[in-house]
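These notebook entries record what I looked up about charged side chains. The structure comes before the entries.

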Amino acid sequence: MTEPLSAGVVGVGSMGRHHARVYNEIQGVELAGIADADEETAAEVASTYGSAVYDLETLLDMVDLVSIAVPTRFHYDVASQAIEAGVSVLVEKPFVADAESGRDLIERAEDAGVTLQVGHIERFNPVVDVLEDVLANVEPIAASARRLGPPVSRDVKDDVVMDLMIHDIDIACSLFGDEVAGVTAIGACDGDYTDAQIEFDGGTLCSLTASRVTQERIRDLSVTARECHVNVDFMDQSVRIYRHSDPSYHTENGDVRYSQESIIERPAVDSDEPLKRELRSFVDCVRSGATPRTTGNDGLHAMLLADEISEIADSRTLALEEVSVGDRSTI
């Protein structure tokens, strides 16, 4: 029998408490403890999942692996202490607050021989596996992703790009290659709504929209290829592939009508909770020493691209606000 691994969670807010729940459910893993600055919340989560509350130093002495779900500005310090203690780490997205910190964590994890994974949960959505299989045999031209929703009740320090769009940035980079030829972006509502366009070196154009002010929750991605059009819904975990479209005009009651027939494929998707797939994958990598699906370099690349999009959107929005309607043609 394989010895169970001891897991800990640092930060049990809106996301961290789900890490605790899933570790408590994974076979071969023991939820050894929880650490959080909010002692009352930590005690409540620990009690729910049959664990206990410890300070960070004590927790790191007890565990083999840990999820870090504290605010982004604390990721580097907590991950540094974990790596120093020889503990494998899963750091929630965004990976870190700055590039230097990310590169340092990557190097230190390699030197310490511990696993470093970044929590880009959407990469573990079962629909992404199906999409990767489809795109392996076609020539993608363009993609469009929407990650929209109403204002959130949780305390969010990151803008909508770092909070939401970064999921689709990571997926786009994994699908179309991480070399970027160009980026444009514009924002509204004080950073709560952003449109961005990314052109990849291979020629694929990707349009991304993220919103925290839309009164409908949408999480979808579409890909246009020469051979087909693919629609993915991350929430209901469905994929539709449109092939062999046949547009035509016909007469109906004396009027000319347009119609279009397509062959629609609905491939089977192994429905599962993305977080469970993510943490099971992390545990497997810790056991085997395999490379995680979302590495520190992946997290760093997505963070840097998100930061670039935010800067462009902020500067573009400011420029539009500062000129009159008659002068906007000069921008």
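Entry 1: I began with E84, which is exposed at a relative accessible area of 62%. The model is a predicted one, in which local features need pLDDT of at least 70 and side-chain atom pairs count only at pLDDT 80 or more, while totals for chains, interfaces and linings use all residues. Residues are numbered from 1 along each chain as its sequence is written, and side-chain values use heavy atoms, with hydrogens and water left out.

I then found that E84 and R108 join their side chains in a salt bridge of 3.7 Å, N to O. This pair links distant parts of the chain, for E84 belongs to helix α4 (residues 75-84) and R108 to helix α5 (residues 99-112), 24 residues apart. For helices I took DSSP runs of H or I with at least four residues, numbered from the N terminus. R108 counts as partly exposed, at 25% relative accessibility.

**Entry 2: the search for salt bridges.** How many salt bridges does a search of the whole structure find? I noted 20. The term requires a side-chain nitrogen of Lys or Arg within 4 Å of a carboxyl oxygen of Asp or Glu.

**Entry 3: two further pairs.** I looked up D129 and R293, whose side chains form a salt bridge at 2.9 Å, N to O. D129 is in helix α6 (residues 126-135) and R293 is in the loop between α8 (274-288) and α9 (296-322), so the pair ties together parts 164 residues apart in sequence. Both ends are partly exposed: D129 has a relative accessible area of 22%, and R293 stands at 26%.

I also recorded a salt bridge between the side chains of D272 and R280, at 2.5 Å, N to O. D272 is partly exposed at 26% relative accessibility, as is R280 at 34%.

**Entry 4: a network.** Which residues are linked with R21 in a network of salt bridges? I listed E25, E273 and K276.

**Entry 5: a charged patch.** On the surface I noted a patch of negative charge, where D307, E308, E311 and D314 gather. Such a patch takes residues with over 30% relative accessible area and no salt bridge, like charges being joined within 9 Å. Of its members I looked up E308, which is placed in helix α9 and is partly exposed at 37% relative accessibility.

Technical notes:
Helices (H or I, at least four residues) and strands (E, at least two) are DSSP runs, numbered from the N terminus. Buried means under 20% relative accessible area, exposed over 50%, partly exposed in between (1.4 Å probe, protein chains only). Patches are made of residues with over 30% relative accessible area and no salt bridge: like charges are joined within 9 Å, nonpolar side chains (Val, Leu, Ile, Met, Phe, Trp, Tyr) within 5 Å. Accessible areas come from the Shrake-Rupley method with a 1.4 Å probe; for residues, only the protein chains shown count as cover. Lys and Arg count as positive and Asp and Glu as negative; His and the chain ends are not counted. The place of a charge is taken as NZ of Lys, CZ of Arg, CG of Asp or CD of Glu.
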